[in-house]
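Have the model open while you read.

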Amino acid sequence: MIFGVGHDICLIPRLSASVKEFGRDFTNQFCRPNELAWAERAANPVIAYAGIFSAKEAIAKALGTGIGDSLFWDDIEIGQVFASKPSIFISEASLAAQFGQTHDMLRLHLSVSARPPLVFAYALAEIAKPTAS
């Protein structure tokens, strides 16, 4: 059963300006260490940062929380943002607080695409129906 859908568009030049002005102080706000390392190795780190940012925004929208109340930037980690199936990690504590015992039935799907000057992210959250026992 579909729980929520999230979408985000990130304007690469806008994010680039923030990266240039604030550097690591800015990227550390929304990237976990593994994401920072991946982005720095990317052919274009700013596009990688934009993908991470947009992916997390889309996931937060799909979960119905947004970023800041019960879900924070560092609760989410995205692996291989532009892969055909990016990996998504959300902290167990955050999921349990938001969804209680049903959090183990939550499935997230993510697609992120870059078409400069934009990065698009789409997320779908679904909750599996419990099996009859």
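Leaving aside its neighbours within four places in sequence, which residues is leucine 63 in contact with? In this predicted model, leucine 63 touches Phe3, Leu71, Ile90, Phe99, Leu106, Leu108 and Ala125 once those neighbours within four places are set aside.

Leu63 also belongs to the largest nonpolar core, a set of 38 residues, and is listed with Leu15, Phe30, Tyr49 and Ile59 as having the most contacts inside it. Helix 4 gives the most to this core, with 11 residues. Among the other elements that each supply at least two residues are helix 1, helix 2 and strand 5.

Now for helix 1 and its packing against helix 4. Their axes come within 9 Å and cross at roughly 105°, which makes helix 1 roughly perpendicular to helix 4. Here's who meets whom:

| Helix | Residue range | Residues in the contact |
|---|---|---|
| Helix 1 | 12-22 | Ile12, Leu15, Ser16, Val19 |
| Helix 4 | 45-62 | Val46, Ile47, Tyr49, Ala50, Phe53 |

By type, that contact splits into eight nonpolar residues, one polar and no charged.

As for burial, helix 1 hides Ile12, Leu15, Ser16, Ser18 and Val19. Those residues sit on the same side of helix 1 because they cover an arc of only 160° around the axis. Their cover includes strand 1 (2-11), helix 2 (24-30), helix 4 and strand 5 (118-127). Just after helix 1, glycine 23 takes a positive phi of about 60°.

Notes: Residues are numbered from 1 along each chain as its sequence is written. This is a predicted model: local features need pLDDT of at least 70, side-chain atom pairs count only at pLDDT 80 or more; totals for chains, interfaces and linings use all residues. Side-chain values use heavy atoms; hydrogens and water are left out. Axes are lines fitted to C-alpha atoms, for helices over the stretch in contact, and angles run from 0 to 180 degrees between N-to-C directions. Helices (H or I, at least four residues) and strands (E, at least two) are DSSP runs, numbered from the N terminus. Angles under 35 degrees count as roughly parallel, over 145 as roughly antiparallel, 65 to 115 as roughly perpendicular and the rest as oblique. Contact means heavy atoms within 4.5 Å. Ala, Val, Leu, Ile, Met, Phe, Trp, Tyr, Cys and Pro count as nonpolar, Asp, Glu, Lys and Arg as charged, and the others, Gly among them, as polar. Buried means under 20% relative accessible area, exposed over 50%, partly exposed in between (1.4 Å probe, protein chains only). The arc is that of the directions from the helix axis to the C-beta atoms. A nonpolar core is a set of buried Ala, Val, Leu, Ile, Met, Phe, Trp, Tyr and Cys residues joined through side-chain atoms within 4.5 Å.
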